[in-house]
Amino acid sequence: MPLTDAQVAQFRADGYLVVEDVVPATHVEEMRRRIDAVTSPAGSDVAERMGVQLEPDAPTDGALPRKLNELAPHDAAFQRHAESPELLEMVCQLIGEPLRLYSDQAFLKPPRQGSAKPPHQDNAHFGVDPADWGVTVWCALDDATVANGCMQYFAGSHLEGAVPHVWEGGTTHLIPERLELPEPVHAPVRAGGVIFHHLLTFHMSAPNTSDAWRRAYACHYIRTDASHIDEEPIQALLDEDHPLRV
């Protein structure tokens with residue numbers, strides 16, 4: 001299911017692209033089950049190995065997970081997603097090849113408790129150079145709606161280049177030193193749909209004010225010939241004969 005020329009052009013212009021119905025429902029359900037298993041309880045040994053982060057304002061009688069890191073190296077369901085030939089074909093259309101998986105994360109917004117994520121550029125964390133040689137692929141594991149905190153994008157912001165970011169006190173958020181942006185565009189997407197976004201595209205999400213979960217799994221891919229902050233990024237363990245093995 002390659003991207004059309006029009007879709008590639010839209011990504012280049014807007015810095016993000018929503019594509020529905022990419023991941024089969026059975027695989028989406030499997031990834032949801034694995035997240036539930038890993039985070040039950042939120043402080044399990046597996047969750048700790050995946051660098052679990054908790055919602056800061058959750059009730060004291062029950063910790064709620066908000067984020068997991070590096071799932072693909074620890075779990076076959078997420079590894080299969082990261083290595084999906086259909087997904088990798090689309091990634092190659094946007095950034096070229098050969099590829100590696102720089103990092104991956106699960107973003108979890110619990111009902112009525114999921115916190116907001118302030119505007120930021122992913123490359124403030126990754127330092128990929130050139131930034132055009134990386135892309136984030138955000139897969140909805142639940143229907144992402146305005147009410148439960150779907151992604152919001154500042155269309156075309158990637159064309160303005162990198163903006164210095166600083167750590168927001170008392171949080172795990174990197175935020176821009178300056179922010180002069182138009183109104184963001186909501187990007188709702190059904191479970192199994194994906195959003196591709198450029199590493200310099202400003203994006204954010206609002207709190208989850210609904211009774212539904214908003215879970216997502218994001219893979220950050222880069223070209224192997226790009227430079228980056230981490231000396232040894234994780235990568236999907238591709239089969240020996242996989243055309244994108246590095």
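Author: Happy to! Let's begin with a term: buried means under 20% relative accessible area, exposed over 50%, and partly exposed in between, with a 1.4 Å probe and protein chains only. Helices (H or I, at least four residues) and strands (E, at least two) are DSSP runs, numbered from the N terminus. The model is predicted, so local features need pLDDT of at least 70 and side-chain atom pairs count only at pLDDT 80 or more, while totals for chains, interfaces and linings use all residues. Residues are numbered from 1 along each chain as its sequence is written, and side-chain values use heavy atoms, leaving out hydrogens and water.

In helix 5, the buried residues are Leu87, Leu88, Met90, Val91, Cys92, Leu94 and Ile95. They pack against helix 1 (5–14), helix 4 (76–82), strand 4 (99–109), strand 6 (134–140), strand 11 (194–198) and strand 13 (214–223). After helix 5 comes Gly96, with a positive phi near 85°.

Now for the nonpolar core, a set of buried Ala, Val, Leu, Ile, Met, Phe, Trp, Tyr and Cys residues joined through side-chain atoms within 4.5 Å. The largest one has 37 residues, and Val135, Val194, Phe196, Tyr217 and Tyr221 touch the most other members. Helix 5 (residues 85–95) contributes the most to this core, with 7 residues.

Contact means heavy atoms within 4.5 Å. Beyond its neighbours within four places in sequence, Val194 has contacts that include Leu17, Val22, Leu87, Val137 and Cys139. A second, separate core holds 12 residues, among them Trp138, Ala140, Ala144 and Ile195.
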